Amino acid sequence: MHSHHPFHAAASGFTLIEVLMAVFVLAVALTGVMRMHLTTVRAQQQNAYQTAATQLAADMAGMIRSWRASAGDHPFLFEYRTGDAIAAGGNCFGGASCDPSALRAFGVAQWIAAVQGALPAARVSICRDAAPWNTGADAAAWQCSGGANAGIVIKLGWRAMPANNGRPAGRHGQDAPQLVLDIGEPAA
């Protein structure tokens, strides 16, 4: 004989509390997975910025090293921040006749445009710096020591993606360059 008592039917299914607990556990697990995914996406983006900055610095280093200049002529020393006006570089495309000074200005303008396109809120400093690394702060510094005996250094920075707390990712944010390339002296 089978009993059709209502208590027997309820015992074989899920209660509302059990369903709510399962949904809660699933929501907590999905939140963790989403946070991990977001962290991964941020890290990938920062790696892409680092790769782009490394390539841009290498390109500029090549331009500086190939520049044949008279003693004391170092036209590649400059500072730039997103929003600053870019010096007109003329047009040296398509066989246009450009003297060396116009060609250099054109190259710098094209390079800055590439920096703007690749790095958010970019900052550049190409300067003479005997000590680009501040060992006390364990970070690179934007300030340049200058001096005729100091090597030429390319410093690049950009706005880091915010971390989970809303502040820029990384230890130093925009307070310090994220990439520093010491290239020494250009060819004479």
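**Close-up views of a predicted model**

**View 1. Ala 121 sits in the loop between α3 (100-118) and β2 (123-128).** Helices (H or I, at least four residues) and strands (E, at least two) are DSSP runs, numbered from the N terminus. This is a predicted model, where local features need pLDDT of at least 70, side-chain atom pairs count only at pLDDT 80 or more, and totals for chains, interfaces and linings use all residues. Residues are numbered from 1 along each chain as its sequence is written, and side-chain values use heavy atoms, with hydrogens and water left out. Ala 121 has a positive phi of about 50 degrees, although it is not a glycine. Most residues other than glycine have a negative phi. With a relative accessible area of 26%, Ala 121 is partly exposed (buried means under 20% relative accessible area, exposed over 50%, partly exposed in between, with a 1.4 Å probe and protein chains only).

**View 2. Glu 79, Arg 81 and Arg 123 are linked in a network of salt bridges.** A salt bridge here is a side-chain nitrogen of Lys or Arg within 4 Å of a carboxyl oxygen of Asp or Glu. Glu 79 meets Arg 81 at 3.9 Å, N to O, and Arg 123 at 3.3 Å, N to O. Glu 79 lies in strand β1 (residues 78-81) and Arg 123 in strand β2, 44 residues apart. Arg 123 is buried at 15%, whereas Glu 79 is partly exposed at 44%.

**View 3. Asp 129 forms a salt bridge with Lys 155, their closest N and O atoms being 2.6 Å apart.** Asp 129 lies in the loop between β2 and β3 (133-134) and Lys 155 in strand β5 (residues 152-157), so the pair ties together parts 26 residues apart in sequence. Asp 129 is buried, at 2% relative accessibility, and Lys 155 is buried at 0%.
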